[in-house]
Amino acid sequence: MKTMEDVRRNTYFMTSIDYETIDLSGLPPETEPARQQYFIARCRQWVTEKSEELGRPMTCFISTFGCQMNAHDSEKLMGILLEAGFTEGQSEESDFVLYNTCTVRENANQRVYGRLGYLNSLKKKNPHMIISLCGCMMQEPEVVEKLKKSYRFVDIIFGTHNIYKLAELLSERIDGRKMVIDIWKDTAKIVEDLPSERKYPFKSGVNIMFGCNNFCSYCIVPYVRGRERSRNPEDIIREIEALVASGVVEIMLLGQNVNSYGKNLEKPITFAELLQQIEQIEGLERIRFMTSHPKDLSDELIEVMKHSRKICRHLHLPLQSGSSRILNLMNRKYTKEQYLTLAAKIKEAIPDISLTTDIIVGFPGETEEDFEETMDVVQRVRYDSAFTFIYSKRTGTPAASMEDQVPEDVVKERFDRLLKEVQAISAQVCGREVHTVQEVLVEEPDDHEEGFLTGRLSNNTIVHFPGSRELIGKIVKVYLEQSKGFYYMGRQLDAARDSLKDK
């Protein structure tokens, strides 16, 4: 269990709030974030009373399903709960349990339903327990109806657009509402200045935009995350400056398609221009971002990356399919040839770039010839790694009703072939820095080898090397002694020099 010292070190605030001075006798404010601060103060009062009644701190636990956007949302949700007086628990045997759900693939939904039965058994033992569900899965109307009918023990249900309202929804539940449901179809609102509990004190995700306008035919994200809306660059810069002041050296800029950033702002700005502004922040060492859609990755962005001192040498560029015919059915808005031209242009401008990708196998209508086109792109681009997925039919997307769904055994055979090829290429490509000195951001103790640390290169490759825990959060120079295919074994530079002298 985290101590309050741990919590205060990792929880970051844009503004410092004294919740004890908030007047709870009147109506809550109408404007944000003052309204949510009111409800956080109200929940703190309730949690304090309950903790005294129980003779122990009330605990909270969040289980996150899905992508980095969900993980970052969970940091915000945890920040709200900690400010509301809860202590972070280590398991679902906590007083407040929240599942932040994903719905990109069908098996993600089934995992949540499977866990809910377990939560029900825990709630019967702990009558104080509150169960909450949020995230993408909750944006599906049929899911909410199923929960209302078959999972009446769930206390709070909300979606992706109103996570900042957690304390307000909890306050409603405290007032006696049996099942609080607050699902928004869409929103243009972005609420700033709320707490966030970071997993790491030295690196953090930063949302630059929300939603997606691309409507790929297989993807449910635009329906559950809503249309694109960008944060103002001033708010992004202000947040990053506050993070750097609190000890962050690396940030990950997050958006469903960062290349679309700024188009809907009152004063439009490109993603490349935003990166140039962020680069000027003193004390920030590394900038990462994801995800980039190939259809609108600009020459301007490539030039900014080429000359940057801080943007990491890693680009995630989803392919999805190497067949132009399938790409058209997917509504991806680029062809195989355009993708290959873009990848070559990126590699020519930034020779040490690490390219990673996403690939879907078994999209409706995919023939063996289409699949071979995908294999051809993999062999020509030679990705550092690829996230490979079997197509998952999502109700409500155009692809779900397409004819020529590919037989399961055919998909499985193709998937295995693709995975084998991706892994073979990755094992060759990822060893290119062996016997060189590279900068490594030290992230945590190695969980396999006592006395070793684990960190990442700029290109996102993992490095394990001996060292003291005092190095965690620092960027150090490491000599890469051995390539293990997908990671390196190394020695901190001074230690490596001493070792070479002894030989």
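User: What is the relative accessible area of Lys 333, and is the residue buried or exposed?
Analyst: A quick note before the answer: this is a predicted model, in which local features need pLDDT of at least 70 and side-chain atom pairs count only at pLDDT 80 or more, while totals for chains, interfaces and linings use all residues. Residues are numbered from 1 along each chain as its sequence is written, and side-chain values use heavy atoms, with hydrogens and water left out. Buried means under 20% relative accessible area, exposed over 50% and partly exposed in between, with a 1.4 Å probe and protein chains only. Lys 333 has a relative accessible area of 52%, which means it is exposed.

User: Where is Lys 333, and what is its phi?
Analyst: Lys 333 sits in the loop between helix H11 (324–329) and H12; helices here are DSSP runs of H or I with at least four residues, strands are E runs of at least two, and both are numbered from the N terminus. Most residues other than glycine have a negative phi, and most peptide bonds are trans. Lys 333 is not a glycine, yet its phi is positive, at about 65 degrees.

User: How exposed is Arg 382, which has a positive phi without being glycine?
Analyst: Arg 382 lies in the loop between H13 and strand E16 (385–390). Its phi is near 60 degrees. The residue counts as partly exposed because its relative accessible area is 31%.

User: How are H12 and H13 oriented to each other?
Analyst: Two packed helices are described by the angle between their axes and the distance between the axes. For H12 (residues 336–349) and H13 (residues 368–381) the angle is about 10 degrees and the axes are 11 Å apart; axes are lines fitted to C-alpha atoms, for helices over the stretch in contact, and angles run from 0 to 180 degrees between N-to-C directions. Angles under 35 degrees count as roughly parallel, over 145 as roughly antiparallel, 65 to 115 as roughly perpendicular and the rest as oblique. H12 and H13 are therefore roughly parallel.

User: What is the orientation of H2 to H6?
Analyst: H2 (residues 34–54) and H6 (residues 166–174) pack at about 45 degrees, with axes 8 Å apart. Their crossing is left-handed, a label given if the near helix is turned anticlockwise from the far one by less than a right angle, with clockwise being right-handed. By angle, H2 and H6 are therefore oblique.

User: Which residues of H6 are buried?
Analyst: H6 is mostly covered, with seven of its nine residues buried. The cover includes H2, H3, strand E4 (96–101), strand E5 (130–135), strand E6 (156–158) and strand E7 (180–182). The buried residues are Leu 166, Ala 167, Glu 168, Leu 169, Leu 170, Ser 171 and Arg 173.

User: How far apart are the end C-alpha atoms of H3?
Analyst: H3 (residues 68–83) is mostly covered, as 13 of its 16 residues are buried. At 1.5 Å a residue it should span 22 Å, where the expected span is 1.5 Å times one less than the number of residues. That agrees with the distance between its end C-alpha atoms, 23 Å.

User: Is Val 206 buried or exposed?
Analyst: Val 206 lies in strand E9 (residues 203–207). Beyond residues up to four places away in sequence, it touches several others, including His 72, Arg 231, Ile 236 and Leu 254. Its relative accessibility is 0%, so Val 206 counts as buried.

User: What is the omega of the peptide bond from Met 290 to Thr 291?
Analyst: Thr 291 is placed in the loop between strand E13 (286–290) and helix H10 (299–307). The bond from Met 290 to Thr 291 is cis, with omega near 10 degrees.

Definitions and conventions:
Contact means heavy atoms within 4.5 Å.
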